[in-house]
Amino acid sequence: MSTNETFVSHLLELRTRLLYAFGGLLLVFICLVPWAGELYALLAEPMIAKLPAGGQMIAIDVITPFFVPLKVAMMAAFLISLPYILYQAWLFVAPGMHKHERRLMLPLITASVVLFFFGMAFAYFLVFPVVFGFFSSAAPQGVAVMTDIDKYLSFVMGMFLAFGLTFEVPVAVVVLVKMDMINIAKLKEIRPYVIVGAFILAALVTPPDVVSQFMLAIPLWLLYEVGIIVARLMTRDSKEVETKNG
C-alpha cells in the first residue's frame, strides 16, 4: 500500500471514529433534553440551599431560561458519553501502538476519566456548599443574593474544570516518570515548590475565601504524593520485569 493510500485510509478511519463519537454524544443529548430543567435544578442545588429564606436565582437575558438548561444537558451528555468517545479514540490510535504502550495507555486513560469525575464530585458535594455559604453570609445587610443562572453555570463549569484537572495530577506524574522526563528523586526534591505552587494556583482559580483555597491546594498536594507513590511502584515493577527478562 502506497503512502497516499495509507494516509487516505487513516483519514477515513478518523472520520468514522469522529462520526461514531459525535453520534453517541448527540444520542445521549437528545435523550437528556426533556430533563434539561431538572438537570439544571440539580446543578443549582448547592447554591439554592445556601440562599436566604425566599431567595431565588434569576435570568437576566430573555433567551437565558431556554439556553442555559440546554447547555447543562450538553455538558451532562458529554460526561456520560465520555467513556464511549475515548473508546472511539482508542480504536483509532491503538493499532499504531506497541503492545507495551497499549498496556500502559489504557489504564492511564481509564484512571484519567475516573479521577476527573472524582474531582467534579469533590467540588459539587464538598466545595460548593462551603463557597456558596461563604458568599451568602458575606452579603451586606439589605442586599438580596440573587445569582444569574448563566453566570452561575459559567462559575461551576470553571470550578469543575479546576478540580477535575487537579485530580489528574497522579496521572501527570506517572506519565512524566514513564517518559523519563523526570525521576522520583527529582519529584521529591521539588516537593516544597509544588506545595507553594498548589496554594498559589488555588488562590488564582478559587473564590477569595481561605477555606475553598485550602480545599483545592491540600488535595493537589496529596495527589502529587499519590503520583510519586504510584510512579515508584510502576518503576520498580518495570525494573523487576527487565531483570527477569534479562
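Reply: What follows looks at helix α5 and its partners. Keep in mind that this is a predicted model.

Start with the packing. Two packed helices are described by the angle between their axes and the distance between the axes. Here the pair is α2, residues 36-48, and α5, residues 149-166. Their angle is about 80 degrees, and their axes lie 11 Å apart. Angles from 65 to 115 degrees count as roughly perpendicular, so α2 and α5 are roughly perpendicular to each other.

Now the residues. On the α2 side, the contact is made by Y40, L43, A44, P46 and M47. On the α5 side, they meet I149, Y152, L153, V156 and F160. Sort this contact by class and you get ten nonpolar residues, with no polar and no charged ones.

Side chains of opposite charge can pair when their charged atoms come close. D150 forms a salt bridge with K71, at 3.6 Å from N to O. This pair links distant parts of the chain. K71 sits in helix α3, residues 64-93, while D150 sits in α5, and 79 residues separate the two.

How open are these two side chains? K71 has 42%, so K71 is partly exposed. D150 has 23%, so D150 is partly exposed as well.

To sum up, α5 meets α2 through nonpolar residues, and D150 in α5 pairs with K71 in α3.

Methods
Residues numbered from 1 in each chain as written. Predicted model: local features only at pLDDT ≥ 70, side-chain atom pairs only at ≥ 80, totals over all residues. Heavy atoms only, no water. Axes fitted to C-alpha atoms, helices over the stretch in contact; angles between N-to-C directions. Helix = DSSP H or I, 4+ residues; strand = E, 2+ residues; numbered from the N terminus. Parallel < 35°, antiparallel > 145°, perpendicular 65-115°, else oblique. Contact = heavy atoms within 4.5 Å. Nonpolar A, V, L, I, M, F, W, Y, C, P; charged D, E, K, R; others polar. Salt bridge = Lys/Arg side-chain N within 4 Å of Asp/Glu carboxyl O. Buried < 20%, exposed > 50% of the residue type's maximum accessible area, 1.4 Å probe, protein only.
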